[in-house]
Amino acid sequence: MSLCTHFPDCGGCRMADVSYLDQLPVKHQSFESVLPEVYRGLLQPIIPSERHRFHRNKMEFSIFQREDG
């Protein structure tokens, strides 16, 4: 059960219904899958955080060149 009243409609926290410890191997495998094969064996296990909630920040920036005149 998610603590967020907007889950799953928002889509910002896709794994909010999965326990934190169960998320770690999924995230590790997801990250490993995008690495070139030669680096996959070098990836270290994820170190679990002591804080599981309310610690993430997300920032998005739009960059453009303004045409003056």
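How many helices and how many strands does the protein chain have? The model is a predicted one. In the model, the protein chain has 2 helices and 0 strands. The chain counts 69 residues, and 9% of them are buried. Its accessible surface comes to about 7,000 Å². Carbon and sulfur atoms account for 55% of that surface.

Helix α1 spans residues 20-34, 15 residues in total. From its first C-alpha to its last, α1 reaches 22 Å. This is close to the 21 Å expected at 1.5 Å a residue. The buried residues of α1 are Y20, Q23 and L24. These residues lie on the same side of α1, because they cover an arc of only 110° around the axis. An α-helix has 3.6 residues a turn, so residues three or four places apart point the same way.

Q23 counts as buried because its relative accessibility is 10%, under the 20% cut-off. Neighbours within four places in sequence aside, Q23 is in contact with M15 and V18.

Helix α2 covers residues 37-40, and L42 lies in the segment after it. L42 has a relative accessibility of 59% and therefore counts as exposed, the cut-off being over 50%. On the surface, L42 forms a nonpolar patch with V38 and Y39. Together, the three residues of this patch have about 360 Å² of accessible area. Q23 is thus a buried residue, whereas L42 is an exposed one.

Methods
Residues are numbered from 1 along each chain as its sequence is written. This is a predicted model: local features need pLDDT of at least 70, side-chain atom pairs count only at pLDDT 80 or more; totals for chains, interfaces and linings use all residues. Side-chain values use heavy atoms; hydrogens and water are left out. Helices (H or I, at least four residues) and strands (E, at least two) are DSSP runs, numbered from the N terminus. The expected span of a helix is 1.5 Å times one less than its number of residues. Buried means under 20% relative accessible area, exposed over 50%, partly exposed in between (1.4 Å probe, protein chains only). The arc is that of the directions from the helix axis to the C-beta atoms. Accessible areas come from the Shrake-Rupley method with a 1.4 Å probe; for residues, only the protein chains shown count as cover. Patches are made of residues with over 30% relative accessible area and no salt bridge: like charges are joined within 9 Å, nonpolar side chains (Val, Leu, Ile, Met, Phe, Trp, Tyr) within 5 Å. A salt bridge is a side-chain nitrogen of Lys or Arg within 4 Å of a carboxyl oxygen of Asp or Glu. Contact means heavy atoms within 4.5 Å.
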